[in-house]
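Subject: Structure to look at

Hi,

Here is the structure I promised to pass on. Have a look at it first, and then read my notes below.

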2 protein chains.
Amino acid sequence: MAVYTEVAYEDLELFLEEYDLGQVRSFKGIAEGVENSNYLLSTDQGTFILTLYEKRVAPEDLPFFLGLMEHLAREGIDCPTPLPGRDGRSLREICGRPAAIISFLEGVWPRRILPQHCRLLGEAMARLHLAGASFNMHRDNALSVGGWRPLLEATAPRAHEVQEGLAEALESELAYLEANWPSSLPEGIIHADLFPDNVFFLGDRLSGMIDFYFACNDCFAYDLAICLNAWCFERDNAFNITKARCLLQAYRQVRPFTSEELEALPLLARGSALRFLLTRLYDLLNHPPGAFVKPKDPLEYWNKLRFHQEVRGPGAYGLD
Amino acid sequence: MAVYTEVAYEDLELFLEEYDLGQVRSFKGIAEGVENSNYLLSTDQGTFILTLYEKRVAPEDLPFFLGLMEHLAREGIDCPTPLPGRDGRSLREICGRPAAIISFLEGVWPRRILPQHCRLLGEAMARLHLAGASFNMHRDNALSVGGWRPLLEATAPRAHEVQEGLAEALESELAYLEANWPSSLPEGIIHADLFPDNVFFLGDRLSGMIDFYFACNDCFAYDLAICLNAWCFERDNAFNITKARCLLQAYRQVRPFTSEELEALPLLARGSALRFLLTRLYDLLNHPPGAFVKPKDPLEYWNKLRFHQEVRGPGAYGLD
C-alpha cells in the first residue's frame with residue numbers, strides 16, 4: 001500500500017525517451033502492491049503501469065518474471081505484459097531501481113469472494129498452468145518446503161510473543177511436512193501468490209491475473225492449495241466447501257488432475273498455510289516501526305493450518 | 001502519500017448506484033494527498049477521483065470546498081469539479097466517511113520548477129482570484145495570523161528538539177507579525193495551498209489546480225506570498241529572483257495589484273513561512289511512529305523565514 005521510491009516527473013521523461021508512448025497525460029503513484037512501487041501512467045498511447053522493483057525482489061529473477069508475463073500473454077493468458085523499449089529490452093532502470101513499463105489490466109479485485117469468483121479462478125489457473133508448459137526458463141520455489149526451516153529458525157525465538165507455544169507447534173508441523181512432502185507430482189510454472197488482490201474481474205468475467213513476482217516451478221497442486229487457503233475461508237475462519245468445490249471442479253475441467261494430486265491436497269494445503277504463516281510471522285516480528293505497510297496477521301494462517309490438519313481426505317474440499 | 005480508508009469494491013458498487021457512470025473498469029487507491037484518501041475510478045463514462053475526507057478536514061467546511069470547485073469550474077478555471085448524484089447532491093458518504101466523486105484532471109506536477117511554471121502559475125492564480133469574486137460563500141482562514149499562536153503554544157515546549165532556541169525565535173517573529181499584520185488589503189477567495197504538487201501541467205500549458213481543501217477568504221497577496229515560498233526557492237534554500245519576477249509579473253498582468261499589496265509582500269511572505277513552519281513543526285512533533293506519511297522538514301521554512309526577514313522591499317522579489 002505504498003510508493004517506496006519517488007519518481008520525479010523529469011526522471012520519467014528521460015526514461016520514456018526509450019519508448020514511443022507520446023505525451024504523458026497523467027502520472028500517479030498507486031497504493032497497491034506490498035513489494036514494489038507502482039505508478040499509473042497515462043499517455044497519448046494508453047494507460048500503463050510503471051513498476052520499480054524494490055529490495056524484496058531479487059534483480060536476477062526479473063528476466064524470469066518479465067519473460068514469463070510476455071510468454072503467458074502470447075499464449076492468450078490475461079495478464080500484464082512488459083512493454084519493450086525501442087531496443088527491445090523491457091527491463092530498464094529508473095531512480096537507481098530496476099523498472100519496467102507493464103500493460104494496464106482493467107478490472108477490480110473482489111473484496112467479498114463469491115463461489116463464482118472461485119469457479120473463474122480455477123479455470124484461469126488451470127489455463128495458466130497449461131500455458132506455462134512451453135516457457136523455457138526455470139525458477140525454483142524458494143518458499144517451498146526447503147525454505148521454511150530458515151524462516152522458522154529466524155522467527156522461533158520470538159514466536160511466543162504472537163502466541164504461546166507457537167514455535168513448538170510449528171516445529172512439529174514442519175518436521176511432519178519435511179518427512180511427507182511429495183516429490184513426484186506433476187510440475188510446471190505456478191503463480192504461487194494468487195490471492196484475491198491479484199485477480200481482477202470485470203462484470204461476469206475474470207479480466208486477468210497480476211503480480212507474477214512469486215511465480216516459479218513447483219507442483220501444480222500447490223498453486224491450488226494456496227488458493228484453497230486464500231479464497232475458501234470466510235472472515236470468521238470457517239472453511240467454505242462450496243467455494244472449494246467450485247475452484248477445484250472448474251480447474252479440473254481444464255486440466256484434469258491425477259489421483260495423486262487429489263490425495264496430496266490436504267498436505268499441500270498444510271504446507272501452504274505454514275508458508276504464509278511463517279512469512280507473515282517474520283514480517284510481523286521484523287516490522288520497522290515507521291513502515292508504510294501494516295503487517296498481516298499470521299494467526300489467520302494458524303487457523304487455516306489447524307483446519308487442514310484435521311482433514312482426512314479430499315472429500316473435505318468438496319471432491320471425491 | 002497514502003490511502004487511509006480501505007474501500008471495498010462492494011461498498012463502491014453501492015455508492016455508485018446514485019450515479020450513472022456505467023460499469024466500473026478499474027479502481028485503485030492513489031498515493032497522493034496527505035489529508036484524504038483518494039481512489040482513481042475508471043468507468044464506461046471516463047475517469048474520476050473518489051475522495052474520502054479524513055479527519056483533518058472539518059465536515060462543516062465541505063459544502064464550501066465543493067461549492068467553490070463547482071463555481072470555479074463554471075467560471076472557466078481549470079480545476080476538479082464534484083460530480084452530483086442523481087439527486088443533485090455531490091457530498092455523500094462511503095465507509096463512514098464524507099466522500100465525493102470529482103472529475104479527473106489530466107497533467108503532471110513539476111518536480112523541478114522552471115521560470116515558465118511560475119509564469120503560468122501567476123496567471124492562473126490571478127484568474128482564480130478574479131473568478132472567486134462571484135462566489136457567495138465565506139470561510140475564514142483558520143491558518144492566518146490569528147491561528148498561529150495556538151500552534152506556537154502547542155509546539156514551543158518541544159521546539160528545541162528540532163533546533164536550539166527555535167521557540168524563542170518564533171515567539172519574537174510572531175509578536176512582530178501580530179503587531180504589523182495588514183488588515184486592509186484587497187481580499188477574496190484564495191487557494192492558500194498552491195504548492196507544486198497541487199498544480200498540473202500538460203506540455204506547455206497549466207492544465208489545472210487541485211486540492212482546494214485549504215481555500216478560504218483572505219487577502220489575495222497572501223496567496224502570492226505562499227507561492228513565493230513554495231515555488232521560488234531552490235533546493236539549497238537559495239531564493240530565485242527570476243522565478244519570483246515571473247510569478248508576480250504574470251499575476252499582475254491579469255490582476256494588477258495595488259502598491260499596498262506590493263509593499264506588504266515581504267511581511268506576508270514572513271507570515272506564510274511561519275505558517276508552514278508551525279504546521280510542519282506540529283506534525284513532526286506529533287507524528288505517530290507507525291504513520292504512513294513522512295513528516296516534512298519544518299526547518300526548510302525557517303530558512304525561508306530568515307530570507308524574508310532580511311528583505312527591505314519588493315525589489316528583492318524582482319519588482320520595483
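Predicted model: local features only at pLDDT ≥ 70, side-chain atom pairs only at ≥ 80, totals over all residues.

A term to start with: pLDDT is the predictor's confidence in each residue, on a scale from 0 to 100. Chain A has a mean pLDDT of 93, and 97% of its residues reach 70 or more. For the complex, the predictor gives an ipTM of 0.79 and a pTM of 0.85.

Residues are numbered from 1 along each chain as its sequence is written, and chains are lettered from A, with ligands numbered from 1, in the order in which they are written.

Domains of chain A

Where they touch, domain 1 of chain A supplies 17 residues and domain 2 of chain A supplies 16 (contact: C-beta atoms, placed from the backbone, within 7 Å). On the domain 1 side there are 10 nonpolar, 3 polar and 4 charged residues. Here Ala, Val, Leu, Ile, Met, Phe, Trp, Tyr, Cys and Pro count as nonpolar, Asp, Glu, Lys and Arg as charged, and the others, Gly among them, as polar.

Helices H4 and H5

Helices are DSSP runs (H or I, at least four residues), numbered from the N terminus. In chain A, the axes of H4 (residues 145-159) and H5 (residues 166-180) come within 9 Å and cross at roughly 165°. The axes are lines fitted to C-alpha atoms over the stretch in contact, and angles run from 0 to 180 degrees between N-to-C directions. H4(A) and H5(A) are therefore roughly antiparallel (an angle over 145 degrees).

Which way does H4(A) pass H5(A)? The crossing is left-handed, as the near helix is turned anticlockwise from the far one by less than a right angle. Among the contact residues are Trp148(A) and Leu152(A) of H4(A), and Leu170(A) and Leu174(A) of H5(A). By class, this contact has 10 nonpolar, no polar and 3 charged residues.

In chain B, H4 (residues 145-159) and H5 (residues 166-180) pack at about 165°, with axes 9 Å apart. That makes H4(B) roughly antiparallel to H5(B), and their crossing is left-handed.

Helices H8 and H9 of chain B

H8 (residues 259-285) and H9 (residues 299-310) of chain B have axes that come within 9 Å and cross at roughly 165°, so H8(B) is roughly antiparallel to H9(B). H8(B) passes H9(B) in a left-handed crossing. The residues in contact include Phe276(B) and Arg280(B) of H8(B), and Trp302(B) and His308(B) of H9(B). This contact has 9 nonpolar, 2 polar and 3 charged residues.

Cheers

Definitions and conventions: Helix = DSSP H or I, 4+ residues; strand = E, 2+ residues; numbered from the N terminus. Parallel < 35°, antiparallel > 145°, perpendicular 65-115°, else oblique. Contact = placed C-beta atoms within 7 Å.
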